Amino acid sequence: TNSFNMDSFDWGGARWYVLDIADLEYHYFKYEPVQWRVVSVDNNVAMVMSDKILDRTQYYYINFFYGNEEFDENASAWGDSIIRNFLNEDFIKEAFTDDEVKSIVTADNSGITGNDKIYLLTQQYLKDELLEKLPPMDYPTYGSSIVCAEPSDYAWAMGCVKGNGKDPLCLGNSEWWIMLDGEKIGMRANGPYINPAGILHYTNLASLYTGVRPVMCVDLTSD
C-alpha cells in the first residue's frame, strides 16, 4: 500500500480541498518539534503561537434542535468547550515533556481561561495589540505571516480545508479559531475564526473544518 504524498497532490481545478479518507490509502505522520512564532515578550515572558495550524477540532458541540436536553446556555464558553479540553488535556501531554510544561506560565485572559496553560488568541489581543503592530492595509484583511497560516499535513488530513496556493485568496492557507468572548456560551451558535485570506469571520461552533493554533506564555528564565 502506498503512502499519501501531500506535496504532489493533484488539485485539478479546485480552489479548496478537504482530504477524504479515500485519498489516504495508508498514511502515517512523524512526530516533529512544533515551530512557535513569538508574538510578544514582556518581563522575560514570551507569548508564542504555533506557526502552523496543528490540528482540527470543534470549538463546542452545539445542537439547537428543539428538544435537545443536553444544551446548557449557562455553560462556560471556554471551560466547557471541546477545544479547551483538547488543548489542556490532550495536546499538552503530546507536545511537551513534564519539564517543558513547568516553564509554561498560566494566563487567565481577563478571567476567561483560569489556570489553563494553553489557549487561543483572543479577539481583544488580535485587534488591540497584534494588529496595531502590522502595517495598514487598504483591503480589510490581516493578511500577514503572523495571522495567515497553513495547516500542517496532519491538520489537513484531519479535516482542515486548504487553499491550493495558486489563488491569491487561498494562498495555501486554512482557517483557525479565535477565542470566543464572554463567560457563558449563551445562545450563540457561531464563533470567530481567521479565514485563509486573513479576514476575521464567524462560523458554526461545531465546524468540522476549522483548525487550531495553540497559544501559550513561556518563562524565558526557566531551565
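**View A. F86 and its burial in the predicted model.** F86 has 15% relative accessibility and therefore counts as buried (buried is under 20% relative accessible area, exposed over 50%, partly exposed in between, with a 1.4 Å probe and protein chains only). The model is predicted: local features need pLDDT of at least 70, side-chain atom pairs count only at pLDDT 80 or more, and totals for chains, interfaces and linings use all residues. Residues are numbered from 1 along each chain as its sequence is written, and side-chain values use heavy atoms, with hydrogens and water left out.

**View B. Aromatic cluster of W36, F86, F91 and F96.** Rings of Phe, Tyr and Trp (its six-membered ring) pair if their centres lie within 6.5 Å; planes under 30 degrees apart count as stacked, over 60 as edge-to-face and the rest as tilted. With ring centres 6.5 Å apart and planes at 35°, F86 and F91 make a tilted pair. F91 and F96 are edge-to-face, at 5.9 Å centre to centre and 90° between the planes. F91 is buried at 10% relative accessibility, and F96 is buried at 13%.

**View C. Charges over the rings of W156 and W176.** A charge sits over a ring if NZ of Lys or CZ of Arg is within 6 Å of the ring centre and within 35 degrees of the ring normal. K162 lies over the face of W156, 4.7 Å from the ring centre. The charged end of R213 is placed over the ring of W176, 4.7 Å from its centre.
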